[in-house]
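Colleague: I want to go through the labels on this model one by one. Tell me what each rests on.

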Amino acid sequence: MNGGSLSSRLFKIEPDEIAALVWSCAYFFCLLCGYYILRPLREAMAAAGDVRNLKWLYLGTLTSMLVASVVFAAITTRYPRRTFIPIAYRFFAVNLLIFFVALTTLPESSQVHLGRVFFVWVSVFNLFVVSVFWSFMADLFTNAQGRRLFAFIAVGGTLGQICGSLVARYLAEPLGAVNLLLVTVVLLECACRVVNVLNRQTPAIPLPAPSANPQQAPVGGGALAGLKRVFSSPYLTGIAIFIVCYTISSTFLYVTKIQVGTQHTTDQDGRVAFFANIDFWTGVATVLAQVFLTSRLIARLGVGPTLGVLPLITLIGFGLLGVAFWRPGTLDIVWVLVAFEATRRAGNYAISRPAREVLFTVVPREDKYKAKNVIDTFVYRAGDQIGIWVADGLMALQWTAAALCFTMVPWAAGWLAVGLVLGRRQRELAARR
């Protein structure tokens, strides 16, 4: 049995899709590897600049997201796909070179302010480059292909996350953390080269509109079209609501995790081990689910029920945490949190994110790049901002940890309903196309 037939039988991957699938994985690997090299430096500079206590930085990040989305939309209006994607990544690469020069030449007294700027920049970089990646995937593959292949493509990102973390961990001291910025610059250039390869493979991939060659034509429309479409299209508005539901629940879980980590570990090393344990099991669960579970879930259940997996995990997890806080001794809070966090993050990376990206395979090309970018960046950070305000407000009112957790149970139920409605609408749009 040859490799092509084996992949087709086990994973529903057709032989003529393997090359594009491998290059897409390599593309995502480069992006997330680069980000996870930057992330520890951002955290170190954040601690030095005390940026976590400056809430205006979150507002600065939100504003930067909006500006970046509008500028990117203007570029997509004027240039074709094969041009504007490399422009976006090389823009960030040039920014990194500027940061490298600043960090190695400016006096130490300026590092606090530079750290705050870098914190905002990395927050924008992370969401923006990943959003552009998934926009390209939704444009490159059809709806049917996305349902089968997106989970496998996500494996490339997970491996990049692991590799980037290892590079930062073992090379930061011998090479110098600032010098690792140059590694991310190289990875961004590699991503640009892979984009060129994938664009050349487009004719071999079935397209929604065979008469059109997307890499040769600009997306069209106006610079503000993405913002307008998000609030004028019920389908896109539903996706935006789904994202806000996710980000607000993530904020509440983050607050709970910090409370548990503070209460149940007494030293810094113990806290590091506690959170590292969550990260380890998350990585294991994510890769296993991406390879063996997600595509089968989408094929058998459909996009809507697959989108509902993460809200269901969230509903059950917050319910168990609420009981653990409400009735101490009933459940072990630490293990409930570890299991919940690992399962939820794996569910997001391995199941919810690939299914969510399938939603964009049935919208017009302009929405794939412009509206999607607004949702993945500005709307995402807006949800973070709302979550921070709500969580802080409830804690100021002396809400207990149990009350915060129980609040998320009906919230997750509503989120689940949104996912099911989106799945039904996606199926209708796919049939129409």
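Colleague: Why is Arg229 called partly exposed?

Modeller: The label comes from relative accessible area: under 20% is buried, over 50% is exposed, and partly exposed lies in between (1.4 Å probe, protein chains only). Arg229 has 31% relative accessibility, so Arg229 counts as partly exposed. This is a predicted model, where local features need pLDDT of at least 70, side-chain atom pairs count only at pLDDT 80 or more, and totals for chains, interfaces and linings use all residues. Residues are numbered from 1 along each chain as its sequence is written, and side-chain values use heavy atoms, with hydrogens and water left out.

Colleague: What makes Asp367 and Arg229 a salt bridge?

Modeller: The term requires a side-chain nitrogen of Lys or Arg within 4 Å of a carboxyl oxygen of Asp or Glu. For Asp367 and Arg229, N to O is 2.8 Å. That is within the cut-off, so the pair qualifies. Asp367 itself is buried, at 3% relative accessible area.

Colleague: Why do you say that this pair ties parts together?

Modeller: Asp367 sits in helix α15 (residues 365-396) and Arg229 in helix α8 (residues 225-232), so the bridge links parts 138 residues apart in sequence. Helices here are DSSP runs (H or I, at least four residues), as strands are (E, at least two), numbered from the N terminus. The chain has 16 helices and zero strands.

Colleague: How many salt bridges does the structure hold?

Modeller: The structure holds 13. Another one of them pairs Arg345 with Glu341, at 3.5 Å from N to O.

Colleague: How do you know that about one helical turn separates Arg345 and Glu341?

Modeller: They are four residues apart in helix α14 (residues 333-358), hence about one turn. An α-helix has 3.6 residues a turn, so residues three or four places apart point the same way. Arg345 is buried at 18%, and Glu341 is buried at 5%.

Colleague: What links Glu357 and Arg353?

Modeller: A salt bridge, 2.4 Å from N to O. Both residues lie in α14, four residues apart. Glu357 has a relative accessible area of 0%, so the label is buried. Arg353, at 18%, is buried too. Salt bridges with shared partners join Arg353, Glu357, Lys372 and Asp376 into one network.

Colleague: Why is Cys245 called buried?

Modeller: Cys245 has 8% relative accessibility, so Cys245 counts as buried. Cys245 lies in helix α9 (residues 234-264).

Colleague: Which residues does Cys245 contact, leaving aside neighbours within four places in sequence?

Modeller: Trp411 and Trp415. Contact means heavy atoms within 4.5 Å. The C-alpha atoms of Cys245 and Trp415 are 5.9 Å apart, although 170 residues separate the two along the chain.

Colleague: What share of the chain is buried?

Modeller: Buried residues make up 54% of the 433 residues. The chain exposes about 18,700 Å², with 67% of it from carbon and sulfur atoms. That area comes from the Shrake-Rupley method with a 1.4 Å probe; for residues, only the protein chains shown count as cover.
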